[in-house]
Structures are given as structure tokens and as C-alpha cells.
Amino acid sequence: KTMGLNEIREKYLEFFESKDHLRKQSAPLVPINDNSLLLINSGMAPLKPYFTGDEIPPSKRMTTCQKCIRTPDIDNVGKTARHGTFFEMLGNFSFGDYFKEEAIKWAWEFVTEVMEIPEDKMYVSIYEEDDEAYDIWHKIVGLAPDRIVRLGKADNFWEHGLGPCGPCSEIYFDRGEDHGCGNPDCAVGCECDRYIEFWNLVFTQYDKDGEGNYHPLANPNIDTGMGLERMATIMQDVGTIFEVDTIRHVLDTVCGLAGIQYKDDVKNDISIRVITDHIRSVSFMIGDGVLPSNEGRGYVLRRLLRRAARHGKLLGIEGTFLSQLSREVKKTSGEAYPELVEKEETIAKIIRLEEEKFQETIDQGLMILEEEMEKLKKEEKDILSGETAFRLYDTFGFPLDLTRDILEESGMDVDEDTFHEEMKKQKERARKARSDKDNNAWGDDLFTHLTEDTLTEFVGYQTLEATGKI
Ligand code: ATP
Ligand code: MG
Ligand code: MG
Ligand code: MG
């Protein structure tokens, strides 16, 4: 059965509405009243106060499709079939209401009866000690024992420090040998894209104390997360999440702008997918009020945008192109996310200004970096100095991870410690300059200051170093 991405989203939300769940619109990507997180990275993240009991949920059962950003996945983007920095997570949640049996039964009902995925294509994992989950999958759902894989704590137990935690159970789809890594021991849990994980059911049933004891919660919770793009990849039988109906429009536009064919060249394909992913992240982030800056979320945005711009260079795209692409994102996702429609012009404008600024220096910066890499090669070294990386950052606008990306492609790395020292020194210089009353901070280039300073303050978050998110 093929089904469009937008249709799958609707089917899921409708299904859980039919199980008495309250449907809620996605929360913004910028967390509200939560300093522990830079950007929302799961369906449960914006609902945390309902899980901790700090707030009373409007319903004990809820269902959402949540916009998510996961920058820690950035190195996988374009390379695996299943990772984006942006994706949508469908979820159903129980706040002390139903528990494991309903969560598992409904998940199975949805995938086999609504999505009509053949049972013999699926596997599930459970936490190795969770016999309760085993019994539900085997005795109640009727899954054969060889379809149920027991995995350890690292894979199938959710805990973040102390407090509520618990085992989870994940559902996988076997895409067949063609998508596998070919290792004889390739199986569920393998990092390759054959057994693609698409749904995680978390059973929050314990409270962990300071001594490492797990106390059963009186009212355990359910938190599930299903990747919408992954489900669409399965339903449409395409190679990667970037080839599903909606996202494919963006990908095709990238190819059109570059004047190349998808699937012609493996390296180009990675760049095409990176751009396709990053423009989605960038568009949605700006749609939720994030602006480019040198700190916090604004810097995440800037890094993604500049990384996309550089991959555009690799594909031979001349000039700025990203704002045009953001309009494609709007065309395909605007119905589900009206903020993309409402803010279309703002999104395009901010992207264009940011991209134009980087265009002025990217070629020069790339040239310098290439020269330095040549030098390193001649000297048989493979670590770029932190000073050079800092100059690329400070003068040419190269985020550190962009420099690192480029170095890694040639098996090189960068001296990060020195980079950060240089950064610290520069911040001290800036602080001193700011305290100087006569300092003419609004010199010639007003807009630079508008984006760099005013907007940074507007965004006003903790620094990246403080959050350790980078
Ligand atoms: P993986 O092991 O493939 O990296 P995960 O275990 O990190 O996935 P979870 O944290 O369990 O993922 O998130 C729940 C679901 O969200 C996943 O089962 C998947 O469908 C989806 N998902 C997670 N990360 C991504 C991503 N980077 N891009 C697209 N979908 C994702
Ligand atoms: Mg992951
Ligand atoms: Mg996983
Ligand atoms: Mg998982």
C-alpha cells in the first residue's frame, strides 16, 4: 500500500483519536520554559511537565506530530538512509493512564491494520529483562519468538540521570539484503539500514533514586515516538527518507538548480541529501523564531545554513539558492505547519541575507583552507592548527564543524582546544570593547550588527559552551 507522508500523519493522529487521545498541534522547536534543551528533539520533550506532574495535562491520553531537530545526528545525514537533522515524530502518550499492553497492542494494530505492513517484514526489540513486554508481544499479539529480540540497557532502557525511567520496545522493518551491510552477523540493532527502526515505545515505570535503586511508579507513563519520514520510506518503498513524496520535491529542486541527476554520483548524492535536509531544518527553525547568530540556537541555524551553502558549492551551484529552496519546503509542509506559510517571506529573506553574507567570504575561506591542507599533506601532518581554524571562523565565517567536515573528507582533523582558546581571547577583547563608551559599534555595516548583535540578544539564549550541545 503506498501512502503519502501527509496522509500517514493524518492516519496516525486519527487512529489515536479513535482511542480517545487528545490531538495537539506540534509545539514550536524552541522549548518553552525549559533551559535544559536547546531545541525540541522528541515528541515527549515539550510534554515533560505532564510526565513529571509539574503540570496537569488537558487529557490523560494525547497524540501529536512533533517537529524535531537532532543536530547530534548531523554526521549521519546524507550517509544513512534514515537520519535527518529535521524530522517529524508521531507519538501517543499516556500520563498515568493506559500502560504497556495497550501501547503495544495499538502500535501493532496501527502498523498491521492501518498501514497494512506485512507481519513477516517486522521485528521488535525489548529490554532483555522485560519479560512483561515479551509476554505481551508473544502471547497477546502472537508474535513468534524469533521476531522478538532482547537488547541491553544501552539500546532499550531509557533514563536521563535520576527520576522517571524505564524499558522500551522498538519496532523494525526488514528492508531486505539489498539495504544491508553484508556482515554475516547483521541483525536487528545493526547500525546499517536493513532493519530500519521506526517506532520506539517507552514504558516509564520506574523512579531511579540517588543510590541507583529503581522504584516502581504508582502511575506509569507511556511515551512513544515514530519517525514519520521513516514510516513513509517504508510505505513508499524508497531508498531514503529524502525520497518520500514530499521531501522528494525539495531534493529534485536541488538537482535542478545544480543541473545534475540524482543517483548519478555517490558523492553528489550525499551533498544533495545534506542540502535537502538542512534547508528543512533551517526553514522550520526560522519559522519558529530562531535567527542566525553566533550563539545558542542561532548558531545551530547558522551552522546548518552554511554547511548547506558549502554543499551547494560542491555541486557547482552558483550564487545563492537556499531561500528559493525554502519555498519548496513551504509548498510540501505548509499545510501541516501554517507557520511556514505565514512566515514564508521572512524565512526566505533571512536565509537570503545570511547566505549572501557567507557568499562574500566562502570562496576565499575555502581557498585558504585548501592551501593549508596542501601544506599539511606535504609535511605529512593531519591536524589543522586552532589558530587557522579560528581565522576561518572569525574572518571568513566558517563554523568549526564546517572546517572539521572539510578536513575529515581528507582524513584530517583540527586542534579544537586551541580554537576554543582563541575564541575565549576574542570574547574577552569584545567584552572590553563593549565597555568602552565611545566605541562606535554601529559603524559602516548596519545590517551585520543587526544580525550579529541585536538579533543575538533577541534570541538571547545560553551559550553553546554552557549547554555542551556542540
Ligand atoms: P536510530 O537508532 O535510528 O538513530 P533512535 O533510536 O536514535 O534512532 P529514538 O530516539 O528512539 O531514535 O526516536 C524515536 C523515533 O524517531 C525513531 O524510531 C525514528 O523513527 C525517529 N528518528 C529518530 N532520529 C531520527 C532522525 N535523525 N531522523 C529521522 N527520524 C528519526
Ligand atoms: Mg539515533
Ligand atoms: Mg535506535
Ligand atoms: Mg530508538
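Helix H4 is followed by Gly142, whose phi is positive, near 95°.

In H4, which spans residues 131–141, the buried residues are Ala133, Ile136 and Trp137. These residues lie on the same side of H4 because they cover an arc of only 90° around the axis. An α-helix has 3.6 residues a turn, so residues three or four places apart point the same way. On the face turned away from the buried side, H4 carries the exposed residues Asp131 and Lys139. The packing partners of the buried residues of H4 are helix H3 (100–114), strand S4 (122–127), strand S5 (148–151) and S7.

Strand S7, residues 163–174, also pairs with strand S8 in the antiparallel sense, over 10 bridges. In S8, Lys208 has Gly163 standing opposite. S8 itself covers residues 195–208 and is mostly covered, with 11 of its 14 residues buried. Strand S9 (residues 214–227) is another partner of S8, and the two pair in the antiparallel sense over nine bridges. Across this pairing, Met226 in S9 stands opposite Trp199. The hairpin of S8 and S9 has five residues between the strands, and Gly212 in this hairpin takes a positive phi near 85°.

Gln205 is one of the residues that lie in S8. Gln205 has 21 C-beta neighbours inside 10 Å and therefore counts as buried, the threshold being 20 or more. Apart from neighbours within four places in sequence, Gln205 is in contact with Gly166, Pro216, Leu217 and Pro220. Pro220 is 15 residues from Gln205 along the chain, yet their C-alpha atoms are separated by 4.6 Å.

In Asp237, phi is near 50°. Asp237 is found in the loop between H6 and helix H7 (245–258). It counts as exposed because it has 9 C-beta neighbours inside 10 Å, the limit for exposed residues being 12 or fewer. In Asn33, phi is near 55°. The loop that holds Asn33 runs between strand S1 (22–24) and helix H2 (48–52). Asn33 has 9 C-beta neighbours inside 10 Å and so counts as exposed.

As to confidence, the protein averages a pLDDT of 92, and 93% of the residues score at least 70. The predictor gives the complex an ipTM of 0.99 and a pTM of 0.91. Over residues 439–470, pLDDT stays under 50. For this segment the model has 38 contacts beyond four places in sequence. Where pLDDT is low, the predicted coordinates should not be read in detail.

Terms used: Residues numbered from 1 in each chain as written. Chains lettered and ligands numbered in written order. Predicted model: local features only at pLDDT ≥ 70, side-chain atom pairs only at ≥ 80, totals over all residues. pLDDT = per-residue confidence, 0-100. Contact = placed C-beta atoms within 7 Å. Helix = DSSP H or I, 4+ residues; strand = E, 2+ residues; numbered from the N terminus. Pairing = 2+ DSSP bridges. Arc of directions from axis to C-beta.
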